[in-house]
Structures are given as C-alpha cells and as structure tokens.
Amino acid sequence: MFEQFKGQNLIQFADTFKTSEKCKTYLSHYKWKDGFSCSKCKHSQYWKGIKPFTKVCKSCRHVESVTANTLFHKVKFDLRIAFFILFEMSTTSKGSSSTNFAKRYGINQKTAWLFMSKVREAMGSSGKLPLEGSCEADECYIGGNEEGKTGRGADKKKKVAVVVEKSGEYGIKRAYALKIENCSSPELRKIFDKHIGKQAEVKTDKWRGYQPLKGDYNIVQEKSEPKVNFRQTHRFVQGLKSTIRGIYHHISAKYTQSYMDEYCYRFNRHGSKETIFDNLVQRMMMKPSLNYISNKT
Ligand SMILES: [Zn+2]
C-alpha cells in the first residue's frame with residue numbers, strides 16, 4: 001500500500017527509506033499509477049521483468065525500468081543517496097552545494113552536481129499558474145563578489161527580472177525570477193508572458209521598458225523609493241541574492257536560471273513543506289531524462 005511521505009523529520013525519512021528497494025517501491029507507484037504504457041509503442045500490457053522493478057512490453061518486448069524516462073535515469077549512485085539529496089534540497093531552507101553533498105554522502109562532487117542539476121530541472125516552473133491579484137515587477141543583478149552596485153548600470157552581473165504576487169501589505173504569496181539579456185521591453189516581456197496573469201495588477205518603477213507592455217498587461221508605474229515602496233520585491237531579491245551568494249562563490253551565466261529556479265521552488269512552497277519532498281519526487285518522475293545538461297542556457 002502506497003503511503004505518501006510527509007514532513008521534514010530526518011529520522012522518519014531515514015526509517016522510511018532504509019533501502020534502495022524502498023525508494024524504488026516509492027517511485028514505482030508514480031511511474032505506473034495510471035497503468036503501464038510502453039514508452040516505445042504505448043502498448044498497455046506487460047510482463048514482469050526478470051530484474052526487479054522492471055516491466056516488459058508484451059507487444060514490442062521493450063524492457064522498462066522504474067527510473068527510465070525520468071530524471072532518476074542513470075543516476076550514478078544508490079537511489080537512497082538520491083532520495084536524501086532530494087530531501088535536503090526540498091526541506092531545508094537554503095539548499096546546499098555539490099561539494100557539501102559529496103562529503104556527506106561519499107560521492108564524487110561532479111556526480112553530485114549533475115544530479116542536483118536534474119533536481120533543479122524538476123524544480124523549474126512550468127508557468128502554468130500565473131501570478132494574479134496585486135503584483136510587482138522589477139529587475140536586479142545577481143552574481144559577482146561584491147554587492148554594491150544595483151540598478152541598470154551594473155553590466156557585468158547577470159540581469160534578472162523578478163515578479164512577486166503580494167499577500168496583504170507585507171507578505172509575498174509567490175515570486176519568480178528569470179534571467180534576461182537586458183532590460184529592454186522584449187526581454188522584460190518574457191517574465192510577464194510566463195508568470196503574470198492578464199488580470200493581475202502589476203506595479204513597476206518608471207523604467208520605459210515597461211511601457212510597451214501596457215497594451216497586454218495591467219501595469220501601473222510608480223517612482224521607486226527605497227524603504228517606501230516595492231518592499232516585498234526588494235525583500236525577495238535580498239533573499240535570492242544572499243542564498244545564492246551563501247552557497248556559490250561564483251555562478252556562471254549558464255546556470256544562473258537553474259539556481260534561481262531552485263530558490264523560487266522552495267520559496268513558493270514555504271507553506272507546504274509537509275508534502276514538498278513528495279512533490280519533488282513526482283516532478284522528477286514526470287520530466288524526461290536529460291542527456292546533455294550543458295544544452296541548457
Ligand atoms: Zn512496446
């Protein structure tokens with residue numbers, strides 16, 4: 001009988017996933033909960049495979065393992081370690097580095113990094129649930145050693161657009177960050193199209209790049225004044241920056257988005273920590289396997 005894992009208790013977690021078989025049993029629930037469908041020919045009938053946790057298609061004889069066509073495919077270490085890394089990446093407040101995981105689980109740092117990249121891929125937002133209600137949009141800069149320069153002049157850092165949905169006067173319901181090439185309208189439009197609902201009321205500063213978006217979005221522009229307005233947005237940006245700075249000494253442009261996806265995934269689920277591990281497992285099971293992480297920009 002399948003039982004969804006809930007909570008953040010590490011002892012309970014370790015007791016539940018004592019062996020890699022227990023982990024595979026957990027995965028097999030999600031893999032085949034709607035029945036078998038051959039990934040090669042879509043046939044729905046199967047034989048049990050010779051190896052445990054495999055099924056053989058009765059039509060084309062394709063052998064499918066529980067991790068095939070998921071982000072767990074070809075993981076180079078015990079599935080238990082993968083589960084522990086998932087648990088830490090989802091339930092802790094700030095995540096961790098591949099160097100740290102390599103030490104904690106006795107695995108190679110590069111292997112740890114590669115697996116974490118797949119987890120971040122699973123954490124990425126589909127954009128299917130756009131922000132609504134009272135929102136704010138802004139841009140910021142991520143990366144580099146010193147904090148200092150912000151605003152549109154700091155060219156060497158990675159430019160990032162952020163949107164937040166406010167909750168009351170001080171709270172933030174959800175937020176997203178998207179790496180952009182520059183602060184032009186077409187670049188800013190990307191985060192609006194992906195994450196902002198057409199009914200949302202979006203406050204931005206006076207930057208002219210937002211003006212052409214007014215035809216499609218409900219935008220109100222207001223002069224940005226430190227500690228007076230855009231407070232939720234600034235708080236979100238501070239958290240994002242300090243977390244990324246705290247874990248990575250240097251982030252390349254190529255991976256900025258995936259680190260931000262990880263941050264936003266946790267941030268947007270601060271109220272649903274009970275089921276966050278299970279949610280992440282399900283996401284790992286739905287995504288296709290990544291053969292070439294480096295294709296990602
Ligand atoms: Zn088949």
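1. Basis. Residue numbers start from 1 along each chain as its sequence is written, and side-chain values use heavy atoms, without hydrogens or water. As the model is predicted, local features need pLDDT of at least 70 and side-chain atom pairs count only at pLDDT 80 or more, while totals for chains, interfaces and linings use all residues.

2. Zinc site. The SG atoms of Cys 38, Cys 41, Cys 57 and Cys 60 are the protein donors of the zinc ion, at 2.2 to 2.4 Å. Donors are N, O and S atoms within 2.8 Å of the metal (3.2 Å for Na, K and Ca). Their spacing in sequence is C-x2-C-x15-C-x2-C. The site is tetrahedral, with angles of 102 to 115 degrees among the 4 donor atoms; for four donors this term requires all angles to lie between 85 and 135 degrees.

3. H2 and H9. Helix H2 (residues 20–32) packs on helix H9 (residues 276–286) at about 60 degrees, with the axes 10 Å apart. Helices are DSSP runs (H or I, at least four residues) numbered from the N terminus, and angles run from 0 to 180 degrees between N-to-C directions. H2 and H9 are therefore oblique to each other, a class left over after roughly parallel (under 35 degrees), roughly antiparallel (over 145) and roughly perpendicular (65 to 115). The crossing is right-handed, that is, the near helix is turned clockwise from the far one by less than a right angle. Tyr 26, Leu 27, Tyr 30 and Lys 31 of H2 make the contact with Phe 277, Asp 278, Val 281, Gln 282 and Met 285 of H9 (contact: heavy atoms within 4.5 Å). These residues comprise 6 nonpolar, 1 polar and 2 charged.

4. H4 and H5. The axes of helix H4 (residues 98–105) and helix H5 (residues 109–123) lie 8 Å apart at an angle of about 115 degrees. H4 passes H5 in a right-handed crossing. On H4 the contact residues are Ser 98, Thr 99, Phe 101 and Ala 102; on H5 they are Gln 109, Ala 112, Trp 113 and Met 116. The division is 5 nonpolar, 3 polar and no charged.

5. H7 and H8. Helix H7 (residues 231–247) and helix H8 (residues 253–267) cross at roughly 125 degrees, their axes coming within 10 Å. H7 and H8 are therefore oblique to each other, and the crossing is right-handed. Phe 236, Gly 239, Leu 240, Thr 243 and Ile 244 of H7 meet Tyr 259, Met 260, Tyr 263, Cys 264 and Phe 267 of H8. This contact has 8 nonpolar, 2 polar and no charged residues.

Note on methods: Helices (H or I, at least four residues) and strands (E, at least two) are DSSP runs, numbered from the N terminus. Ala, Val, Leu, Ile, Met, Phe, Trp, Tyr, Cys and Pro count as nonpolar, Asp, Glu, Lys and Arg as charged, and the others, Gly among them, as polar. Four donors count as tetrahedral if all angles lie between 85 and 135 degrees; four count as square planar and six as octahedral if opposite donors are over 155 degrees apart and all others between 65 and 115; anything else is irregular.
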